[in-house]
Amino acid sequence: MEHLLPKQAHEFVQNEPDVLFIDCRSDAEYFFVGHALGSMHVSWCDAPDWDVNPDFVADVKKLAGHSMQRPVVLICRSGKRSVEAGHALEQAGFRKVYNVLHGFEGDLNTERQRGKLNGWRYEGLPWEQF
């Protein structure tokens, strides 16, 4: 798995026509916090139990047209879940898996706030909220 800073990830997604850009956060995070423009949503784990989604790999395979050669860029809140999800995709045979470092909301600052140090939104990259 390769790791990309948010601006690198944005550039990669813009320039790679076959890329799958997957936001693997929970439903609530994706819909209410907002998400990167152009990302597709497949939860790695979700409320109420926060168990790993047993259909995650199968769902991504469907989106990829069952091609393990398609590049997959994963983003979550801060970069932890996307690494876990990326390892699962690699174990399933995906060859080109990328993780967005610092995720959508970024790392916690000293006041335990996100969005103040780094991340997709902090970098001013395109996003939307429903």
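## A pair in helix 4

Glu-84 and Lys-80 sit together in helix 4, four residues apart, which is about one turn of the helix. Helices here are DSSP runs of H or I with at least four residues, strands are runs of E with at least two, and both are numbered from the N terminus. The side chains of Glu-84 and Lys-80 form a salt bridge, with 3.1 Å from N to O. That term stands for a side-chain nitrogen of Lys or Arg within 4 Å of a carboxyl oxygen of Asp or Glu. Lys-80 is exposed at 57% relative accessible area, while Glu-84 is partly exposed at 33%. Buried means under 20% relative accessible area, exposed means over 50%, and partly exposed lies in between, using a 1.4 Å probe and protein chains only.

## About the model

This is a predicted model, in which local features need pLDDT of at least 70 and side-chain atom pairs count only at pLDDT 80 or more, while totals for chains, interfaces and linings use all residues. Residues are numbered from 1 along each chain as its sequence is written, and side-chain values use heavy atoms, leaving out hydrogens and water.

## Salt bridges across the chain

The count of salt bridges comes to four. One of them joins the side chains of Lys-7 and Glu-123 at 3.5 Å, N to O. Lys-7 belongs to helix 1 (residues 6–15) and Glu-123 to the loop between strand 8 (97–100) and strand 9 (127–128), so this pair ties together parts 116 residues apart in sequence. Glu-123 is partly exposed, at 30% relative accessibility.

Arg-81 and Glu-29 make another salt bridge, their closest N and O atoms being 2.8 Å apart. This pair links distant parts of the chain, with Arg-81 in helix 4 (residues 80–91) and Glu-29 in helix 2, 52 residues apart. Arg-81 is buried, with a relative accessible area of 12%, and Glu-29 is buried with a value of 12% too.

## Strand 2 and what follows

Let's turn to strand 2. Ile-22 is in this strand and is buried at 0% relative accessibility. Setting aside residues up to four places away in sequence, Ile-22 touches Met-40, Val-42, Phe-56, Leu-63, Val-72, Val-73, Leu-74 and Ile-75; contact means heavy atoms within 4.5 Å.

Asp-23 also belongs to strand 2 (residues 20–23), and Asp-23 is buried at 0% relative accessible area. Beyond its neighbours within four places in sequence, the contacts of Asp-23 include Tyr-30, His-35 and Ile-75. Further on, Ser-26 lies in the loop between strand 2 and helix 2 (27–33). Ser-26 is buried, with a relative accessible area of 2%, and among its contacts beyond four places in sequence are Trp-50 and Arg-81.

For Cys-24, the nearest cysteine sulfur is that of Cys-76, 5.0 Å away. Cys-24 is buried at 0% relative accessible area, and Cys-76 is buried at 1%.

## A nonpolar patch

Phe-31, Phe-32 and Phe-130 make a nonpolar surface patch of about 370 Å². Patches are made of residues with over 30% relative accessible area and no salt bridge, joining like charges within 9 Å and nonpolar side chains (Val, Leu, Ile, Met, Phe, Trp, Tyr) within 5 Å. Accessible areas come from the Shrake-Rupley method with a 1.4 Å probe, and for residues only the protein chains shown count as cover. Phe-32 is found in helix 2 and is exposed, at 63% relative accessibility.

Technical notes: Disulfide = S-S within 2.5 Å.
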